[in-house]
Amino acid sequence: MASANPYKMFDAVLRRKQALSPHMMRVTLAGPMVTEMATWAPDQRVKLFFPAEDGSPARLAHEDDWLARYRSMPVVQRPAMRTYTIRHLRAEQGEVDIDFVLHGETGPASRWAIHAVPGESIQIRAPDRHFTAQDAGGFEWKPPQALKQLLLVADGTALPAALGILDELATLDEPPVTLAFFEVDSREDALPVPDWPGLSVEWLIRDHVSAGSLMVEAVQRANLPLYASKASESVELAEVNVDEEILWETSESASDGFYGWIAGETVAVMSLRKYLIKERGIPRESLNLMGYWRYNKVGG
């Protein structure tokens, strides 16, 4: 039966954990409901609900008014909600993999990933495979049909989505020329990637350098399409207060074969936004610019 809502609440339990690197852990969640889950793109976002301040696990309603009920709950009983990316979905097995960046005890998601044991319950707000409409949202990977050149930039928080994009492209008969820059905390955090002629992946090892600065430097020295145009200097970019707003500007109608998918620390993405559009003259509609997190702001 077709669903009128693209997303629904899934009940699951932790099945297993796998350390991918010093700062990345893969968590496999499972349950009978997961057989009804879908993913529509390699950067598919979902909401995970972690134990509340009082330690109680998430038991949110499955009805469409779940958010109103969620907001009405006392703060200490309200599950912590965070956004993650589906890394792999094995619906026929009732399993879904979510990759976590670990940053100690500083947030409910990282804390849960470190301490949770198999069998612990969790809830996921994710796509419903019975939803059949065209535009369900929750992802930004919408490259032009004639994609020829891709700029892919991510830090650790956006790495699961970026690696998913590479995995998808690797299945094509003719993958695009792809320039990828991935900023991670340590050399040991560099994960395996696919390979094809025309793919260049550079791992940027932060090693105590300010978050995002290596991404910006790498793009500024990259060999990108030249859109030399005086018109680009007059392009108006909306002001974004990164301490109070989310920077989230997505591609609209890229059609010239070039596409950029850029996600990570917000100030760094803001810098790349200005550089690529104002200085390099790359059309705004060819870029996805997504601030996943803000340095020195409490997160997951």
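The model is predicted: local features need pLDDT of at least 70, side-chain atom pairs count only at pLDDT 80 or more, and totals for chains, interfaces and linings use all residues. Residues are numbered from 1 along each chain as its sequence is written, and side-chain values use heavy atoms, without hydrogens and water.

I then checked the strands (DSSP runs of E, at least two residues, numbered from the N terminus). β3 and β4 pair in the antiparallel sense over six bridges; strands pair if DSSP finds at least two bridges between them. β3 and β6 also run antiparallel, joined by three bridges. Leucine 48 stands opposite isoleucine 124 in β6.

Next I looked up threonine 28, which lies in strand β2. Threonine 28 counts as buried because its relative accessibility is 3%; buried means under 20% relative accessible area, exposed over 50%, partly exposed in between (1.4 Å probe, protein chains only). Leaving aside neighbours within four places in sequence, its contacts include Val13, Arg90 and Asp97, where contact means heavy atoms within 4.5 Å.

I turned to helix α2 (residues 108-115), where Pro108, Ala109, Ser110, Trp112 and Ala113 are buried. Helices are DSSP runs of H or I, at least four residues. The cover over the buried residues of α2 includes β1 (7-21), β2 (24-30) and β3 (45-50). β4 (80-90), β5 (95-101) and β6 (121-127) are also included in that cover.
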